[in-house]
Amino acid sequence: MNTPKTKQGKNLEDVLEMNRSLLIRLMRKRQQVCTRAELTQESGLNQSTITNIINELISWGLVVETGVIEGKKGRRSIGIRLNCEPFKVVGIRLARKSITVALYDLGGKEYESKQISIRNLEGSETAFSKMKGLIAEMIEPCKDTVKAIGIATPGPLFRSEGRIALMTEFPGWEKINIHEQLNLEFGLPVYIEHDAKAGALAHWWFSDPHQDHGVMVYVAAGQGVGAGIVMDGKVYRGALGMAGEIGHMSIDYNGPQCECGHKGCLELYCSTTALLKKLNKEHAELPSVWKDLKSGDPVATEAITQAAWFLGFGLVNIVNTFNPDRIIIGDELSDAGDLVLHTIKEVIDNHALPVVSSRLIVEQASLAKDDILVGAATIAIDSLLSQPSTLLR
Ligand SMILES: [Zn+2]
């Protein structure tokens, strides 16, 4: 999959597509009924452009009129809103021990979700076949409404090549071109993203309070560790799409050997895989560890504090490098609760540049659902909204 060279000029159809995208995004953000006049004011487009585009979107079935609403000074206008239900995407989260597939509409509403367990012993090809089976089951009843597939995977990920570069603890995935194979199998546009970046975008779009500007870092501290960096609403990907691979940032050059070739990588100290190894509970489920923590078990408390402490040190480097205004701690480790958050905050407060850390918010992921799964769908939705005419396919 080669990335096409970006055209420098904009033809009339490109401008129209940009304006459609802008209006749909404005309506999505408001999440309620609005008027053409409000869109004129917010977008800066002239009235006739708004009228033409909204009429077109009504003919697509993407916008519906909701009836007359009374405005200021007795002015009456027709309310309009997005009609997301007929436009669906499939979101997939591939993790080291599970695959989750869910159906969403363009507004991010979830309709159905299914999860299966996978094991590294069965091999990546078998796991990938299971994934395809699950997607087919999800798509079959609503084939005509599904417009795209979004998938979030552990990294490092060669995003531009559509495949994982390395999945620690689960070899073989690097040989599968996930993008190409899913595209061939289902005939739909496929958007692939590193799990932490997907979680980051989901948080930027759906968390409350909503953030419009600034720098947010979302940390996926789960079976691996990664970070997604969102700057003014755009995911920062780096040259190959591998930015944010903090799990493979070394915190001890004499430390244990990592599968990536480096020594002392952060995720060897603070992933949930590392935590379970430390507790000699490699085959246990995490909720049992959180239960031990709740009941005051000193061994679990010590191991979790230590994992959070190491993660905090990794994040000090991120804070000093990117100067974010918000850090969101997400994925499995955040399920441990306040102890993890407090420990991380303490390390950052004591070790990052004071002028930077004093204006930094560190919080736990706040979405009720799995951020990374929602993020997989969000990546697909974001891509569709950038080129709304693809919705007609
Ligand atoms: Zn590593």
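In the predicted model, helix H10 comprises 25 residues, which at 1.5 Å a residue should span 36 Å; the C-alpha atoms at its ends lie 35 Å apart, in agreement with that expectation. The helix covers residues 298-322 and is followed by Asn323, a residue with a positive phi near 45°.

Two packed helices are described by the angle between their axes and the distance between the axes. For H10 and helix H11, the latter formed by residues 338-351, the angle is about 40° and the axes are 8 Å apart. Angles under 35 degrees count as roughly parallel and those from 65 to 115 as roughly perpendicular; H10 and H11 are therefore oblique to each other. Their crossing is right-handed. On the H10 side, the contact is made by Ile304, Thr305, Ala308, Trp309, Leu311, Gly312, Phe313, Leu315, Val316 and Val319. H11 contributes Leu339, Val340, Thr343, Ile344, Val347, Ile348 and His351. By residue class, the contact of H10 with H11 contains 13 nonpolar and 4 polar residues, and no charged ones.

Helix H6 (residues 195-206) was examined for its length and its burial. Its 12 residues reach 16 Å from the first C-alpha to the last, close to the 16 Å expected at 1.5 Å a residue. H6 is mostly covered, with 11 of its 12 residues buried. The buried positions are Asp195, Ala196, Lys197, Ala198, Gly199, Ala200, Leu201, Ala202, His203, Trp204 and Trp205.

Backbone geometry was also considered in two loops. Most residues other than glycine have a negative phi. Glu169 is placed in the loop that runs between strand S8 (163-164) and helix H5 (178-186). Because 14 other C-beta atoms lie within 10 Å, Glu169 is partly exposed.

Asp232 likewise shows a positive phi, of about 45°, although it is not a glycine. Asp232 is located in the loop between strand S11 (225-231) and strand S12 (234-236). Asp232 has 11 C-beta neighbours inside 10 Å and therefore counts as exposed.

Key
Residues are numbered from 1 along each chain as its sequence is written. This is a predicted model: local features need pLDDT of at least 70, side-chain atom pairs count only at pLDDT 80 or more; totals for chains, interfaces and linings use all residues. Axes are lines fitted to C-alpha atoms, for helices over the stretch in contact, and angles run from 0 to 180 degrees between N-to-C directions. Helices (H or I, at least four residues) and strands (E, at least two) are DSSP runs, numbered from the N terminus. Angles under 35 degrees count as roughly parallel, over 145 as roughly antiparallel, 65 to 115 as roughly perpendicular and the rest as oblique. A crossing is left-handed if the near helix is turned anticlockwise from the far one by less than a right angle, and right-handed if clockwise. Two residues are in contact if their C-beta atoms, placed from the backbone, lie within 7 Å. Ala, Val, Leu, Ile, Met, Phe, Trp, Tyr, Cys and Pro count as nonpolar, Asp, Glu, Lys and Arg as charged, and the others, Gly among them, as polar. The expected span of a helix is 1.5 Å times one less than its number of residues. A residue is buried if 20 or more other C-beta atoms lie within 10 Å of its own, exposed if 12 or fewer, and partly exposed in between; C-beta atoms are placed from the backbone.
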